[in-house]
Amino acid sequence: DGRNNYLAAVVMEDAQSGFAFVDITTGEFRAAQFEGSRDRQGVRDEISRVAPVELLIPEYMSDSVHVSATTNLSFLPDWKFEETVCYQALCDHFEVNTMDGFGVGEQPLAVRAAGAIINYLKVTEPASLKLLTGLTTYSGDEFMQLDAVSRQNLELTQTIRYGQVGGSLLGVLNCTITSMGGRLLRQWINQPLLDVEAINERLEGVAVAHEDGMLRGGLREALSPLGDLERLVNRVMGGSAGPSALVGIRTVLKELPRLVRLLDGHTSVREGSWLQSVAADIELSPELVSVLQRAIVDEPPAKLDKPGTIRSGWSSELDEVVSASRDAREWIAGLERTERKRSGIKNLKVRYNKIFGYF
């Protein structure tokens, strides 16, 4: 829950490299292009940072990429990384005529890596494609570049000796309440900021929470009932959400106003600060909360193969079906009495078998 499962793709040509990665459970989809022979190592370090579960590479690069034992390499035919094929795949997926609006118009290798992922998902996980609603580009210059050896020696996310989170920097700092927070903290530790203004904004947020124990306690209490909204929403978009996912979304949406009030109205949170901007970015959906509250029972079954998910009164047609199903035995007994009277056959019986059904 506290980490992403990434599918990534890399392509290297001459002095350029393209890299893209996606998490189909959260909808995160990012791509970058690295220029110059020096950045050949940069893209390798980026693969180490992202630590994808699966990495797509063209067959001509079979001897060029070395990854950790936890990453599965999938070799694809070279033509699947051709620029025209990949560019068209991205345009078709996002229903646009050009990719300039996504920031990859002038990054052909980033396009090739991202497009290869889209075409691969069309074959392996087609339902997940509707979860990918955007592509974000980034630059290696935005964050401190750390090579694989440095990451290992610094024990950022796991220890050298046992490969465990406990004892690493992440293990020390991770007091997050939600799965979303755990993943975000891991990303922040793996990508140290270089922009001074962004660093100071983040530090101010930390300082406010550190100095104001009442605010910190209130925020933690407000966050504790929140489920993994990122993944719950993507289950809905992918058509795989069960009753428990809808209840999870309802719980989160019901608790969000409390979180916004804490951030937006507390004296410790400065006007125009980063924390207040977080509150402003939270969209409350009272209409959706109302629908979920009126439609879904408090404790529905885990799956839809059992009745009892929809509240009585939400759908008159469904209520009739449920009533008929619940009272089937009584209805059959009533049918038997009715038919005896109508036919005059006193020993008429209603029977059932697997061949004829009821007769």
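Residues are numbered from 1 along each chain as its sequence is written, and side-chain values use heavy atoms, with hydrogens and water left out. Because the model is predicted, local features need pLDDT of at least 70 and side-chain atom pairs count only at pLDDT 80 or more, while totals for chains, interfaces and linings use all residues.

**Stop 1: the largest core**

Select Phe 29, Leu 56, Leu 90, Ile 117 and Leu 135. These have the most contacts inside the largest nonpolar core, a set of 30 residues. A nonpolar core is a set of buried Ala, Val, Leu, Ile, Met, Phe, Trp, Tyr and Cys residues joined through side-chain atoms within 4.5 Å. Buried means under 20% relative accessible area, exposed over 50%, and partly exposed in between (1.4 Å probe, protein chains only).

Next, colour strands E1 (7–13), E2 (16–23) and E3 (28–35) and helices H2 (83–94) and H3 (108–124); each supplies at least two residues of this core. H3 gives the most, with 10 residues. Helices (H or I, at least four residues) and strands (E, at least two) are DSSP runs, numbered from the N terminus.

Now centre on Phe 29. Leaving aside neighbours within four places in sequence, Phe 29 is in contact (heavy atoms within 4.5 Å) with residues including Phe 21, Leu 90, Phe 94, Ile 117, Leu 132 and Leu 135. Apart from this core lies another, of 22 residues, among them Leu 215, Val 247, Leu 259 and Val 289.

**Stop 2**

Two packed helices are described by the angle between their axes and the distance between the axes. Axes are lines fitted to C-alpha atoms, for helices over the stretch in contact, and angles run from 0 to 180 degrees between N-to-C directions.

Select helix H8 (residues 213–223) and H10. They pack at an angle of about 165 degrees, with their axes 9 Å apart. H8 and H10 are therefore roughly antiparallel; angles under 35 degrees count as roughly parallel, over 145 as roughly antiparallel, 65 to 115 as roughly perpendicular and the rest as oblique. On the H8 side, show Leu 215, Gly 218, Leu 219, Glu 221, Ala 222 and Leu 223, which meet Glu 255, Arg 258, Leu 259, Leu 262 and Leu 263 in H10.

**Stop 3: H10 against H12**

From H10 the contact takes Leu 246, Ile 249, Arg 250, Leu 253 and Lys 254, and from H12 Leu 288, Val 289, Leu 292 and Gln 293.

Within H12, pick Leu 288. At 40% relative accessibility, Leu 288 counts as partly exposed. A distance drawn from Leu 288 to Ser 168, C-alpha to C-alpha, reads 41 Å, for residues 120 apart in sequence.

**Stop 4: single residues**

Asn 190 is in helix H6 (residues 179–190). Asn 190 counts as buried, at 11% relative accessibility. Not counting residues up to four places away in sequence, Asn 190 touches Arg 49, Arg 151 and Thr 157.

Select Ala 51 in the loop between helix H1 (38–50) and strand E4 (54–58). Phi of Ala 51 is near 50 degrees, a positive value in a residue other than glycine. Ala 51 counts as partly exposed, at 28% relative accessibility.

Finish at Glu 95, in the loop between H2 and H3. Phi of Glu 95 is positive too, near 55 degrees, and at 73% relative accessibility Glu 95 counts as exposed.
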